[in-house]
Amino acid sequence: MLESQNYRYEEAEEPYRMHLNECLYNPPEHIIKAVTSTLSQCNYYPNLHMFNRFRLLLAEYNKVSIDNVYPFLGADNALRTLFMALADPGDAILSVKPTFSMIEVYARFMGLDMVTVPLQENDDEWTVDMNLLIELAKNAHLVVLVDPNNPTGNAIIKGDRKILEAIALNTKGFVIVDETYYEFSGYSVARYVNEYPNVIVVRSMSKAFCLAGFRLGYIIADKSVIDSVTKVLTPFDIPTPSLAAGIAALENLDYHLKIIEKIKQLRDYLYSELKRMGFKVYRSYANFLLIRDDRRLDSHLKKFGIAIKRIAQDLYRVSIGNEDSVKLFIESLRELA
Ligand SMILES: Cc1ncc(COP(=O)(O)O)c(C=O)c1O
């Protein structure tokens, strides 16, 4: 048995949670109301009509057919299911480094042979050697790309059809594109899944829709792929309150579009402020920024009630949160600037 590792997490006690790329805006009244109204019916299994309604709304939101989309309990569960369905022990998996930590957790757990292309730092942006990635894709059974990438925030495929095609046609296996941060980047490869049926897009409603506690995510893929990877799932997998939350969110898209716009503005504002204050910060297409600093920024910010994530010795990831958290974050770092 190959060495396995768990996701390590201790609950943060700080009131300003800027460590998990969560949304710091609470669910709005229309979502609370929709969820609350289902609670008295939770002695029953989730309703098939609600599941189908959620699936239809996801299809409309993504401008794909209902057969091309399937709900999951968060992007995490989608990834887990895809790994189980598409890879066998000993298979080669290709990704970039650094990336979302769970990819390595799943790869190790399943005994996969993980190959990574290291991201390179170019001034205030991270880049990937795409020729190398396309070359290495030849021998991969599974290519898993987080786009925009976590924790670096850079684009990988950036919705570019030619790049997607080169990877998809070059590999003997599947290409999973984890677009958990899609709404903040605005680009996607979702529209190409029917043309390249070995491409599967993974999405989340935890970030842009501010629904992390409801555990909602979904995949977008060719119908044949959806049919095959969802064989072991049932329409009962998503709890009724979560279905209600997802439906209410997608029926009131305008509310979320405003929040997304706000978070993007705050991200760009925080980036400029940090730069102005002399911090080394990288450009990001997601709802977080990565900062390089050899001081213990996490311990310093803890004193101000802010939790951030220490990614490596001198790398810190901060999620954007809301106006208050961004303001406090800047004020708290002033004495270090
Ligand atoms: C790249 C990536 N994929 C998946 C997830 C998990 O998302 P979800 O909350 O939908 O399970 C995260 C969470 O931070 C993430 O960063």
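Predicted model: local features only at pLDDT ≥ 70, side-chain atom pairs only at ≥ 80, totals over all residues.
1. Residues are numbered from 1 along each chain as its sequence is written.

2. The open sheet has 7 strands in the order E2-E10-E9-E8-E7-E3-E4, with mixed pairing, and two strands are said to pair if DSSP finds at least two bridges between them. Strand E2 (69-72) and strand E4 (113-118) stand at the edges with a single partner strand each, so one side of each has no neighbour in the sheet. From one strand to the next the twist averages 20 degrees; axes here are lines fitted to C-alpha atoms, for helices over the stretch in contact, and angles run from 0 to 180 degrees between N-to-C directions.

3. Helix H2, in turn, lies across E2 and strand E10 (217-220), running at about 125 degrees to E2.

4. In general, two packed helices are described by the angle between their axes and the distance between the axes. For helix H2 (residues 48-62) and helix H9 (residues 240-251), the axes come within 9 Å and cross at roughly 35 degrees. The crossing of H2 with H9 is left-handed, a term used if the near helix is turned anticlockwise from the far one by less than a right angle, and right-handed if clockwise. Residues of H2 including Phe51, Phe54 and Leu58 take part in the meeting with H9, whose residues include Leu243, Ile247 and Leu250; two residues are in contact if their C-beta atoms, placed from the backbone, lie within 7 Å. By class, the contact of H2 with H9 has 9 nonpolar, 2 polar and 2 charged residues, where Ala, Val, Leu, Ile, Met, Phe, Trp, Tyr, Cys and Pro count as nonpolar, Asp, Glu, Lys and Arg as charged, and the others, Gly among them, as polar.

5. A ligand is surrounded by 13 residues, of which the closest are Gly74, Ala75, Asp76, Ser204 and Ser206; a residue is near a molecule or strand if its C-beta atom, placed from the backbone, lies within 6 Å of it. Helix H3 (residues 74-86) gives the most to this shell, with 3 residues. The shell divides into 4 nonpolar, 7 polar and 2 charged residues.

6. Strand E12 (residues 288-292) is mostly covered, since 4 of its 5 residues are buried. Strand E11 (residues 280-281) runs antiparallel to E12 and is joined to it by 2 bridges, and a hairpin of 6 residues leads from E11 to E12. Lys280 has Arg292 in E12 as its bridge partner. E12 also pairs in the antiparallel sense with strand E15 (residues 315-319) over 5 bridges, and there Ile291 stands opposite Tyr316.

7. Some backbone details deserve a check, because most residues other than glycine have a negative phi, and most peptide bonds are trans. A cis peptide bond joins Asp147 and Pro148, with omega about 0 degrees, and another cis bond joins Asn150 and Pro151, with omega about 15 degrees. Pro148 is found in the loop between E7 and helix H6 (161-170), and Pro151 is also in the loop between E7 and H6.

8. Which value does phi take in Lys63? Phi of Lys63 is near 55 degrees, a positive value in a residue other than glycine. Lys63 is found in the loop between H2 and E2, and Lys63 counts as exposed because 9 C-beta neighbours lie inside 10 Å. Arg215 likewise has a positive phi of about 55 degrees although it is not a glycine, and Arg215 lies in the loop between strand E9 (199-204) and E10. With 19 C-beta neighbours inside 10 Å, Arg215 counts as partly exposed.

Key. Buried ≥ 20, exposed ≤ 12 C-beta atoms within 10 Å, placed from the backbone.
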